[in-house]
Amino acid sequence: MKIYPEVLDPEQVGSYPAVAKSGGGYVWDEVLEYRVWCHPHDGAPDLEEGSDYYYAFDTFEEALECSNDIPGAERPLALVLQREYISEPITGQYEHIKEERITEWPVQFLERPKRNDLTIPNFMSPNAPENKLDIIRGLA
């Protein structure tokens, strides 16, 4: 099993809003919690009058165990804090956004290196490699 990052503050796990952005931004700064969404229409216990719900965890391993144990549960997602990020409003057109946002990511995206002070400037540079994603992946 891959080792995924620790959450920023275990005491805050479960306190973040359920609604978050979905994916995107290319870079991550902190993991806030790991989530497992449960869907009664797919066989999860109906705990919210037919509505979807989630469990929040401070480790990926706990989230994965929950996901495997509950019928109708999704694979774990990571709730991620982006202090700044890369927007792509049009394919191949990138914008450096310098504001915080919270988004849910597939945990596999956390295999990318954590953003540092050079990640986005290097990505936006006219001297960036042809495949800019190599910067995000820590390959350039």
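## Basis

Residues are numbered from 1 along each chain as its sequence is written, and side-chain values use heavy atoms, with hydrogens and water left out. Because the model is predicted, local features need pLDDT of at least 70 and side-chain atom pairs count only at pLDDT 80 or more, whereas totals for chains, interfaces and linings use all residues.

## E104 in strand β7

E104 is found in β7, residues 101–106, strands being DSSP runs of E of at least two residues and helices runs of H or I of at least four, numbered from the N terminus. With a relative accessibility of 13%, E104 counts as buried (buried means under 20% relative accessible area and exposed over 50%, with a 1.4 Å probe and protein chains only).

The side chain of E104 makes polar contacts with the side chains of R35, at 3.0 Å, and W37, at 2.8 Å (a pair of N or O atoms within 3.5 Å, one able to donate a hydrogen and the other to accept it; residues adjacent in sequence count only if both atoms are side-chain atoms).

## Helix α1

The buried residues of α1 are F60, A63, L64, C66 and S67. They fall within an arc of 160° seen down the helix axis, so they line one face (the arc is that of the directions from the axis to the C-beta atoms). On the other side of α1, E65, N68 and D69 are exposed.
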